[in-house]
Amino acid sequence: MAAVIVTSVLVALSLAFFLARQEYQRSLTQIRTDLETLSRTVRPQLAVNLWLVNTEAVRTQLNSLLQTKVVGYAELVETDGSRYQAGQLPDDHRSVVSMSFPVEYLHPLTNKAVRLGQLTLVNTLDGLESQIFDQMMRILLLLATGMFAAALCFILLYHRLIARHLRHIADFTRHFNYESLTAPLVLARRDTSPDELQTLADAFNAMRRNLQQGLNERDQAQHELIREKELAEATLGSVADAIITTTADGRVKLLNPAAETLTGWMYQEALGRPITEVVATLAESGSTQLIEMLDEVQSGTHPARRVTATVISRLGQRYRVEMALAAVPDADGIGFVVALHDISEAEALTARLAYQATHDELTSLTNRRGFMSALVQANETVRSGGKACVLMQLDLDQFKLVNDTCGHLAGDELLRQLARLLQEMVPIGVLVGRLGGDEFGVLVPGEESDGAQALAERILMTLEQYRFVWHDRPFTVTGSMGLVHLDADAPNLQEVISRADVACFAAKEAGRNRYSWYRGGEVNLEHRHNELQLLATLRQAAEQNWFQLYFQPIVAANGQGEPHYEVLLRLVDATGKVISPGAFIPAAERYDLMATIDRWVIAHTLAEINERMARGEKVTMLSVNLSGKSLTKQTLAFVLEQLDESKVPPDLLCFEITETSAIANIKESTLFIEALRLRGCRFALDDFGSGFSSFTYLKTLPVDYLKIDGSLVRDVVEDHVSRQMVIAVNRIAHAMGRQTIAEYVESAQIAAKLTEIGVDYLQGYHIGMPRPSQV
């Protein structure tokens, strides 16, 4: 009895001291945890404000920390030594808890943290020690009293409530017979409420029932294994992919019907043969032979492998396959499973689509996209020290005559014949492309002026001597050529193209059937005068609000939800004439006015939203087009300022940028998109899908929508290739979490086909015409 009481007192003292110490440590830990939690909350916004150099927001945020009970003093030190302070630091540094945290900004492109400074948070411990001592004394008194009373009660109740039942349980376990599974354990007491003893008794009874159930389940599991084996064999026989299993030494155990078709081996013939004999892979660059894969998997270097390879069947047929190999343990060791997925047709279709994306369908020459890509590569080569190039632009002089008198079929045939003629006469290495209509481009790499000039003369002479005959009616064909050097001294690529166009126009003005070099100053005065006049009109339009916003609806393909709208731009000149963007956008881009025009559109779009909201109208999302010249920090700052001033919800604004603009400066484009998406704006990638080069960049561009190129949508009903390209773009977009918008929906048949494909939104004249205001 005395031992129990003494033990209770000692336990009470120890427990009181322990609890007091734990409370002190817990208080310190809680303070540190609160400081750390608070720092995690404020550091991301501090990093953003530091990155944007918003010092006022930084000070405001530090002062807001003092409103909590956790922080008594806060200090932020930038990497350059700049300091921001809030609160008063106590004189006694021993009675404070101070913690410092790095302030880092996650760069969106490199995905690396950039350290911007260090945040220090301080809290005082005033009154904590006396509070802990008082609490310790109260705990000690309560524990001592409670432990003494508990000791007495324990001694009295232990024998009555616990000991006799434990002896009964011990007797039960000594007589427990695993084989016969004795009767259940029942405690001899009136109260059968669930407590520890009853729980222990229930556990013994549950063990007894589980043993009985386990015997039944063992028999049932054996039957299930047999059924699963039969099901697996049936499944292997029905799958379209070729499946082959082997033993540990690589000999064939199983071939499904698809594997028999692909390899040319019947199952009975292949059984027991080495898999390298049954599956013959062609050694080629970039692929791994099967024997190498088997060695790597067996050695554990790669537990599973997947490659693309060429397989030669027993009958000599070749298949392009995705080959996956994995190790599978069995009773005899580690075997293998080889799966072969035939991708021959898919690769052929991809190659065809890639070719058509960069080649003109009519003439089979490189199209404008492919020619511009080659021109960009040539310009990069020149800039890096390579040889200069010559760019030639060829316009046919009599093409309109053939089209007007004989029809478009004759014009198409003329273009086909001239394309073959140009390809036959240019040297190897010279690129010929059709840039559109009757306009051709010739890129002569590493050629001096004399050589390029001789080639131009030869082309013009050949065209002049050529006779095009349509229904026994002959036509003489001539051309005008503009030549421009592409060298290290040349300005930007757009200016080089413009100069070639100016030189070609000068050749036409000089009498046609000739070439003209761009030599700086020899430009067509009337053409340049017209452009300068249009330039003055554009500047005046931005100042006097001659522009007008038009809205074209974009509706969900499933017909649900409210439509949103794309904002389009029209120019109304001093005479009241409405001018479409195609007439003034090229000049605006050439003279760097697009950023000014884009800012006008953004400001007036936000004003339009505010006016409608003020009238109580329901406002849906509006999409605004941005040129590549607007994807800058200056425009970003302008948009953020407009959003703050207008108070328009950012999710009502979507910006459309073309894939060419985004890819041209991927770094600034990504920063621009991420900054505005952080505010709630959305983004769409316009003119997407006419080529596959943009799929690589799509992974890094955080856009919400993809607008499928209209050249694909227009032919989606009749043209199989266009339809397959739309399907491919739509699937890839959905796989990446983007929604798709199809432009140029000009008929009910196109709308129905796009809905069947699964495109999310539709836009075009069939859906709704552009109008000065929403309907």
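Here is a short chat about a sheet, a hairpin and a helix in this predicted model.

Trainee: What's the strand order in the open sheet of four strands?
Mentor: The order is 2-1-4-3, and the pairing is antiparallel.

Trainee: And which are the edge strands?
Mentor: Strand 2 (83-87) and strand 3 (96-106), each of which pairs on one side only. Ignoring direction, neighbouring strands in this sheet are turned by 15° against each other on average.

Trainee: What packs on the sheet?
Mentor: Helix 2, residues 55-65, does. Helix 2 touches strand 1, strand 2 and strand 4 (113-124), and its direction makes about 30° with that of strand 2.

Trainee: How many bridges join strand 1 to strand 2?
Mentor: Five, with strand 1 covering residues 73-78. As one example, A74 has A86 as its bridge partner in strand 2.

Trainee: Switching topic: how many residues sit between strand 14 and strand 15 in their hairpin?
Mentor: Two, and H471 in that turn has a positive phi of about 50°. The strands, residues 467-470 and 473-476, run antiparallel and are joined by four bridges. V469 is opposite P474 of strand 15.

Trainee: Now helix 10. Which residues are buried there?
Mentor: G370, F371, A374, L375, A378, N379 and V382.

Trainee: What covers them?
Mentor: The cover includes helix 9 (344-358), helix 14 (493-509) and strands 11 (389-396), 12 (431-436), 13 (439-445) and 16 (479-486).

Trainee: What about the ends of helix 10?
Mentor: At the start, a side-chain oxygen of N367 comes to within 3.3 Å of the backbone nitrogen of R369. After the helix comes G385, with a positive phi near 105°.

How values were computed
Residues are numbered from 1 along each chain as its sequence is written. This is a predicted model: local features need pLDDT of at least 70, side-chain atom pairs count only at pLDDT 80 or more; totals for chains, interfaces and linings use all residues. Side-chain values use heavy atoms; hydrogens and water are left out. Two strands pair if DSSP finds at least two bridges between them. Axes are lines fitted to C-alpha atoms, for helices over the stretch in contact, and angles run from 0 to 180 degrees between N-to-C directions. Contact means heavy atoms within 4.5 Å. Buried means under 20% relative accessible area, exposed over 50%, partly exposed in between (1.4 Å probe, protein chains only). A polar contact is a pair of N or O atoms within 3.5 Å; within protein, one must be able to donate a hydrogen and the other to accept it, and residues adjacent in sequence count only if both atoms are side-chain atoms.
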